[in-house]
Amino acid sequence: MKKYGIMGGTFDPIHHGHLVIANEVLSLFDLDKIIFIPTGMPPHKIVEGLTSPYHRYMMTQFATMTNPDFDVSDIETKKSTMSYTIDTLKELISGNEEEKFYFITGTDAVLDLPSWKNTEEILSLCTFIAVNRPGYIVDGLDKKIKAITDKYGGEIYITKAPQLHISSTDIRNRIASKRPVKYLLPEMVEQYILKNGLYQEIQLKCL
């Protein structure tokens with residue numbers, strides 16, 4: 001049985017923090033591959049100002065192309081409708097029922113699982129790996145995670161990965177204000193952003 005990690009996100013843009021987490025989980029859980037899935041129209045985030053699915057997909061391709069254990073799927077970016085995790089999982093698993101899937105996300109997203117569409121079915125289809133985020137501390141995290149699995153079933157592992165204090169929001173703002181982003185994200189992603197003029201007019205935040 002092969003084991004695949006699923007790492008979804010807007011990746012607007014993808015950066016070294018995402019890649020470090022993926023590589024750490026790949027090793028810790030002895031996975032065969034990590035599948036990056038840039039979101040199309042995410043139900044849990046405001047889509048206003050979100051870079052086009054095509055650009056986010058291409059940036060993710062460039063960011064992962066040197067790692068043979070990383071793949072990128074356009075399963076969500078090719079859709080014109082809202083993307084729900086349950087639908088993505090079903091499509092991924094179809095024809096691969098003998099494989100095991102691990103959904104990699106932050107602890108904040110895992111605690112929000114009860115608000116997701118078809119939570120119980122999602123947890124029956126894959127195992128969740130909750131990764132700590134920089135500066136995100138939850139009192140009684142183990143107890144809260146257990147409450148979710150007691151109610152909906154499934155497995156949720158809590159793990160730690162090296163944390164790089166890099167955010168996509170900060171990168172967008174730095175580009176808009178003409179500040180350097182070198183070493184915050186892969187060089188090929190930086191060149192793609194510059195070539196396509198991305199984030200030049202982003203509303204500045206966190207400055």
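Two strands count as paired if DSSP finds at least two bridges between them. Strands here are DSSP runs of E of at least two residues, and helices are runs of H or I of at least four, both numbered from the N terminus.

This is a predicted model, where local features need pLDDT of at least 70, side-chain atom pairs count only at pLDDT 80 or more, and totals for chains, interfaces and linings use all residues. Residues are numbered from 1 along each chain as its sequence is written, and side-chain values use heavy atoms, leaving out hydrogens and water.

I start with strand 4, residues 100-106. Strand 1, residues 3-9, pairs with strand 4 in the parallel sense over 5 bridges, and Gly5 stands opposite Tyr102. Strand 4 also pairs with strand 5, residues 127-131, again parallel and over 5 bridges; there Ile104 faces Ile129.

Now the helices. Helix 2, residues 53-64, packs against helix 8, residues 187-196, at about 150°, with the axes 8 Å apart. Axes are lines fitted to C-alpha atoms over the stretch in contact, and angles run from 0 to 180 degrees between N-to-C directions. The two helices are therefore roughly antiparallel, a term for angles over 145 degrees.

Which residues of helix 2 and helix 8 make the contact? On helix 2 they are Tyr54, His55, Met58, Met59, Phe62 and Ala63, and on helix 8 Met188, Val189, Tyr192, Ile193 and Asn196. Contact means heavy atoms within 4.5 Å.

Conventions
Parallel < 35°, antiparallel > 145°, perpendicular 65-115°, else oblique.
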